Amino acid sequence: MEKIEAKDVNFYYGDFHALKGITMEIPEHKVVAFIGPSGCGKSTFLRLFNRMNDLIPGARLEGSILIDGQDIYGSGVQVDELRKNVGMVFQRPNPFPKSIFDNVAYGLRVNGIKDKEFISHRVEESLKGAALWNEVKDKLNASAYALSGGQQQRLCIARAMAVSPSVLLMDEPASALDPISTAKVEELICELRNEVTIVIVTHNMQQASRVSDKTAFFYMGEMVEYDDTKVIFTNPHKEATQNYITGRFG
Amino acid sequence: MKRFLEKAVKWLLTASGFVTSAVILLIIGFLFTEGAGLFREKVIEEGYVLALNRENPVRKMDAAQIKAVFDEDITNWSELGGPDLPIETFRLEDADDYFSEEELGSQYENAGSLIASLVASRPGMVAFVPETLIPEGADLNFIEDSSISPAEVFAGSEWYPTATPAPLFGMWPLLAGTLWVSFFAILFALPFGISIAVYMAEVASERVRNFLKPVIELLNGIPSVVYGFFGLIVIVPLLQQVFGLPVGESGLAGSLVLAIMALPTIVTVAEDAMRNCPRSLREASLALGATKWQTISRVVIPSSMSGIASGVVLGIGRAVGETMAVLMVTGNAAVVPTSILEPLRTIPATIAAELGEAPAGGAHYQSLFLLGVILFFITFFINLCVEFISSRNRAKNS
């Protein structure tokens with residue numbers, strides 16, 4: 001079953017044509033990686049799925065994006081409801097200047113949940129899900145800034161997962177981390193695929209090949225090729241893809 | 001040649017740094033020595049004595065009692081620990097009531113001995129006369145003079161710096177007036193300042209902000225006397241009508257004027273702090289399904305709290321030190337304020353109003369410097385607060 005469908009998506013920053021006629025389908029409970037050189041539009045495309053680009057003045061979208069068959073840019077769509085369903089993890093760990101507990105509970109609280117027991121239960125579950133529980137269970141009231149960068153990023157994943165989204169968008173989630181933290185985050189991605197559909201943007205091609213089921217290669221605002229990860233990395237159909245994954249450019 | 005120039009520049013910079021620091025320290029030192037001089041002054045006006053009848057056992061009176069005696073608030077010696085005897089006060093200008101011009105002589109050459117014998121003949125009399133006038137060996141008692149005590153100055157609630165024979169330097173009404181006016185000014189300025197800052201940082205479009213921000217910063221450049229004038233012409237009559245006051249000049253008028261003056265500082269600093277809230281934090285909040293207002297109230301404002309707090313404290317600093325506008329609209333009554341609708345008087349306004357008429361080097365003059373010292377400590381404390389808040393902020397962000 002298709003979780004996300006993009007139909008002939010064109011996107012403009014003012015006059016700049018950032019995405020050119022992209023059509024793709026993302027199946028449920030799969031990990032899909034977007035690869036490509038800087039400025040190819042992969043992050044822009046990712047941010048369309050939770051309407052993060054709405055914040056940019058002068059941006060314009062043509063075409064449609066459907067999640068669970070519903071046009072997320074249609075009239076009557078509540079953006080905050082959409083974002084509750086489509087979580088996001090950013091390039092740099094960005095915990096709030098609050099306690100570890102409050103960071104994870106934040107999403108629940110802003111969505112109107114007041115039941116303290118449920119919140120603390122959900123916080124524990126999310127931290128366990130992000131493989132962080134054992135490291136922080138004794139200092140839930142400590143500032144999130146006291147954690148290491150890798151821990152912070154896993155905290156951000158726990159924070160995103162706490163509101164039980166069905167899609168998780170990850171924008172280069174490991175690019176600011178050291179190799180050990182990166183390995184932990186990748187491990188986490190493999191476990192989370194049972195719960196959510198994951199779309200991950202990455203600069204690291206080994207990472208894409210390790211964690212993803214399908215891979216899309218973007219270049220100059222176009223989606224050049226989209227196929228099973230195995231095919232992309234072993235037997236790509238397009239020459240540009242071949243050149244990119246073998247490191248001839250990018 | 002080049003090396004010599006560099007050396008010269010270096011020495012020039014060092015010298016100017018040291019000279020500036022030295023000048024500042026000199027000013028502070030001057031302030032402190034002049035202020036501390038007040039406590040070396042005597043209670044009774046310099047060169048004068050309070051003469052009593054031989055039979056009167058009272059030897060000590062503090063400044064407040066002396067003033068009460070000469071204001072005829074205390075009329076019997078028994079209230080001062082003496083015998084049950086009505087008090088008669090005598091000042092030099094009363095001499096004409098007791099003696100004729102011929103008796104005093106054309107140059108008042110007989111005044112001293114006449115007054116001495118007058119006091120000697122009346123057991124209840126206290127005479128405030130120049131020391132030099134009293135003939136040597138006169139059969140009189142004198143009130144023992146003491147130095148002005150810090151307790152009287154800091155806790156005293158009466159400010160009569162020009163009263164004779166003993167001026168009163170109770171600074172509490174002035175300090176209370178300053179704090180009172182500043183407190184209410186901040187109370188008014190805070191909600192408005194924060195809302196304007198939130199509006200400019202989060203709601204207003206780029207074009208509105210580009211218009212609004214310079215306008216608000218322009219408020220900083222208006223001379224304070226203009227604010228005072230505005231307050232006097234607009235706010236004072238308005239308050240008089242609205243609250244049905246006998247006079248519109250009141251603490252409230254001062255607070256309102258100060259609130260308007262403190263606004264730009266609060267708005268500018270708080271707005272900068274909110275604009276500096278990292279974009280990544282906003283995005284994190286929005287991506288979790290928070291609405292714009294939830295993001296502002298739960299993430300942007302808490303994370304820029306220290307910036308907002310510095311803005312507020314700077315605003316307080318401005319309010320505490322403001323002179324001219326407050327002088328013009330608060331009515332300047334040196335009483336401990338009980339209501340914000342009463343006239344009151346602040347420290348800076350007192351200094352500005354009275355320094356011109358205080359004889360240099362006198363107790364009054366030194367008391368004004370002491371007020372300056374108090375003001376210095378208040379603003380110094382406020383600056384310390386700002387420093388503390390912003391250093392904590394730096395520590396948090398690193």
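Two strands pair if DSSP finds at least two bridges between them. Keep that in mind for the sheets. One caution before we start: this is a predicted model.

Let's take chain B. Four of its strands form an open sheet, and the order is 2-3-1-4. The pairing there is mixed. At the edges sit strand 2, residues 88-91, and strand 4, residues 141-142. Each of those pairs on one side only. Now look at how strand 2 is held. Four bridges connect strand 2 of chain B with strand 3 of chain B, residues 125-130. These two run parallel. Which residue in strand 3 of chain B is the bridge partner of Arg91(B)? That is Phe128(B).

Over to chain A. Here we have an open sheet of six strands. Read the order as 6-7-8-3-9-10. Again, the pairing is mixed. Strand 6, residues 86-89, forms one edge, and strand 10, residues 222-228, forms the other. Both pair on one side only. On average, neighbouring strands in this sheet are turned by 15° against each other, direction ignored.

Within that sheet, look at strands 3 and 9 of chain A. Strand 3 covers residues 31-35, and strand 9 covers residues 214-219. They run parallel, joined by four bridges.

Next, a helix pair in chain A. Helix 4 is residues 116-129, and helix 6 is residues 149-162. They pack at an angle of about 130°, and their axes are 8 Å apart. Helices 4 and 6 of chain A are therefore oblique to each other. The crossing of helix 4 past helix 6 is right-handed.

Who touches whom? From helix 4 of chain A come Arg122(A), Val123(A), Ser126(A), Leu127(A) and Gly129(A). From helix 6 of chain A come Ala158(A), Met161(A) and Ala162(A). The residues of this contact split into five nonpolar, two polar and one charged.

Last, the two chains together. How many residues of chain A are in contact with chain B? The count is 19, and they meet 15 residues of chain B. On the chain A side, helix 2 (79-85), strand 6 and helix 3 (100-110) each supply at least two residues. Helix 2 of chain A gives the most, with four residues. By type, the chain A side has eight nonpolar, five polar and six charged residues.

Note strand 6 of chain A.

Notes. Residues numbered from 1 in each chain as written. Chains lettered and ligands numbered in written order. Predicted model: local features only at pLDDT ≥ 70, side-chain atom pairs only at ≥ 80, totals over all residues. Axes fitted to C-alpha atoms, helices over the stretch in contact; angles between N-to-C directions. Contact = placed C-beta atoms within 7 Å. Nonpolar A, V, L, I, M, F, W, Y, C, P; charged D, E, K, R; others polar. Parallel < 35°, antiparallel > 145°, perpendicular 65-115°, else oblique. Left-handed = near helix turned anticlockwise from the far one by under 90°.
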